[in-house]
Amino acid sequence: MVPSASTPGMQYLAGAIDCHIHAPPHINGRSVTVFEAVRQAAAAGMRAIGLMDNFCNSAGYAALAMAELGHLGVDVFGGLIMQPVAGGVTAQAARTALSYGYGPGTAARFISLPTHHTRFVAEKEGRSPAYLETTFQVPHNGVVPDPVPEIMDMVAEADAVFDCGHVSGREAVALAAEAKRRGVARVRTHCSRYTPDDISGIVELGGYAEFCFFPLTHATTVALTHVDQEKHRSTGGPMTMDDMAERIRAAGTAHAILSSDCGVYILPPPVEGFREFMLLAEAAGFTPAEIRQMNTTNPATLFRVGPGRLAHAA
Ligand SMILES: [Zn+2]
């Protein structure tokens with residue numbers, strides 16, 4: 001169900017940003033289309049949403065949504081996850097994404113390493129040796145492999161976000177260090193399941209640590225198609241809010257970002273998932289000001305979201 005304005009927790013969504021919504025088309029069911037996600041975010045008074053897509057550069061959908069629904073006041077942005085069907089970890093795919101759109105400001109705001117096509121996730125999914133051979137990894141010597149350094153240079157030049165994808169915590173620390181060396185000012189990592197030590201290492205290097213609602217939900221208890229015909233459970237199963245809160249505190253609220261990661265059909269629509277997540281954060285002891293920092297200020301800084309409706313929400 002889509003919550004109404006009086007539903008508890010909706011005050012946290014006014015002016016907020018959910019930078020992780022899987023509303024674009026998919027090979028399994030979605031709870032909303034891109035247009036529905038934008039309309040529902042607008043109805044909740046949200047300032048921006050970020051579209052995530054494992055199949056293509058979501059900046060195209062974002063640009064289309066802004067052309068049609070920009071008057072609703074929600075800044076819709078997208079980017080590229082370099083999964084194989086989206087072009088893979090190639091300089092050409094990244095270069096194209098950084099200029100693809102309907103004019104200035106509509107190109108990819110983030111370039112992400114793969115989500116499922118990493119050695120870390122593929123091993124957990126029990127993929128074949130031949131599949132594993134083709135996946136992305138940072139070797140144990142910590143040297144970031146080509147063409148990622150070249151891609152980081154492009155991201156730095158465009159002042160976009162470098163997203164470390166679903167690598168291990170050790171790899172994310174190595175990637176954040178290399179990104180910093182190459183002048184990338186904006187680094188996003190997916191920290192829900194990283195150790196507090198790895199999370200501290202990432203934020204000390206200037207990276208943002210994102211935490212999602214998805215790992216707390218029933219969606220982790222069933223196998224789903226994520227990127228191809230194989231069904232897999234979310235690695236690690238459901239986690240508790242206590243476990244996640246410990247990790248958020250390791251990042252510090254100045255460097256943590258909260259997002260829904262909703263869009264799959266068995267979870268509530270993104271606005272509702274985001275609302276529930278904010279109430280869990282509140283129950284875990286985070287103050288309204290800390291929640292505002294993590295669901296608005298930090299993602300606005302990371303993704304260069306304009307002032308939008310924040311003035312109204314403040
Ligand atoms: Zn996701």
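What follows is a chat about the sheets, some helices and the zinc site of this predicted model.

Q: What coordinates the zinc ion, and at what distances?
A: In this predicted model, the donors to the zinc ion are NE2 of H20, NE2 of H22 and OD of D261, at 2.1 to 2.3 Å.

Q: How are those donor residues spaced in sequence?
A: The pattern is H-x1-H-x238-D. H20 sits in strand β1 (residues 17–21) and D261 in the loop between β11 and α10, so this pair ties together parts that are 241 residues apart in sequence.

Q: Are H20 and D261 buried or exposed?
A: Both H20 and D261 are buried.

Q: You mentioned β1. Which sheet is β1 in, and in what order do the strands come?
A: β1 belongs to an open sheet of three strands, ordered β1-β2-β3, with parallel pairing. β1 and β3 (75–77) are at the edges with a single partner strand each, so one side of each has no neighbour in the sheet. From one strand to the next, the twist averages 15 degrees.

Q: How many bridges between β1 and β2?
A: Three bridges, in the parallel sense, with β2 covering residues 48–51. D18 has I49 in β2 as its bridge partner.

Q: Which helix lies across that sheet, and at what angle to β2?
A: Helix α1 (residues 34–43) lies across β1, β2 and β3, and runs at about 155 degrees to β2.

Q: OK, the six-strand sheet. What's the strand order?
A: The order is β4-β5-β6-β7-β8-β11, in an open sheet with parallel pairing. β4 (79–81) and β11 (256–259) are the edge strands, each pairing on one side only. The twist averages 20 degrees from one strand to the next.

Q: What holds paired strands together in general?
A: Strands of a sheet pair through backbone hydrogen bonds, either parallel or antiparallel.

Q: Back to this one. How many bridges do β6 and β7 have?
A: β6 (residues 161–163) and β7 (residues 187–190) pair in the parallel sense over two bridges. F162 stands opposite V187 in β7.

Q: And how many join β7 to β8?
A: Three, and β7 and β8 run parallel. H190 has E210 in β8 as its bridge partner. Going from β7 to β8, the chain passes through α8, and this β-α-β crossover is right-handed.

Q: Are the faces of β7 covered or open?
A: Both faces are covered: V187 and T189 on one side, R188 and H190 on the other, all buried. The chain reaches β7 from β6 by way of α7, and this β-α-β crossover is also right-handed.

Q: What's the span of α7, against what's expected?
A: Helix α7 (residues 169–181) has 13 residues and reaches 19 Å from first C-alpha to last, close to the 18 Å expected at 1.5 Å a residue. Just after α7, G183 has a positive phi of about 85 degrees.

Q: Which residues of α7 are buried, and what covers them?
A: The buried residues are G169, E171, A172, A174, L175, A176, A177, E178 and A179. Their cover includes α4 (119–124), α6 (148–158), β7 and α8 (196–204).

Q: Last topic, the other end of the sheet. Where does α10 lie?
A: Helix α10 (residues 270–283) lies across β8 (208–212) and β11, at about 135 degrees to β11. Helix α11 (residues 288–302) packs on the sheet too, touching β6, β7, β8 and β11, and its direction makes about 110 degrees with that of β11.

Terms used:
Residues numbered from 1 in each chain as written. Predicted model: local features only at pLDDT ≥ 70, side-chain atom pairs only at ≥ 80, totals over all residues. Heavy atoms only, no water. Pairing = 2+ DSSP bridges. Helix = DSSP H or I, 4+ residues; strand = E, 2+ residues; numbered from the N terminus. Axes fitted to C-alpha atoms, helices over the stretch in contact; angles between N-to-C directions. Contact = heavy atoms within 4.5 Å. Donors = N, O, S within 2.8 Å, 3.2 Å for Na, K, Ca; no water. Buried < 20%, exposed > 50% of the residue type's maximum accessible area, 1.4 Å probe, protein only. Expected span 1.5 Å × (residues − 1). Right-handed = clockwise from strand over helix to strand, strands pointing away.
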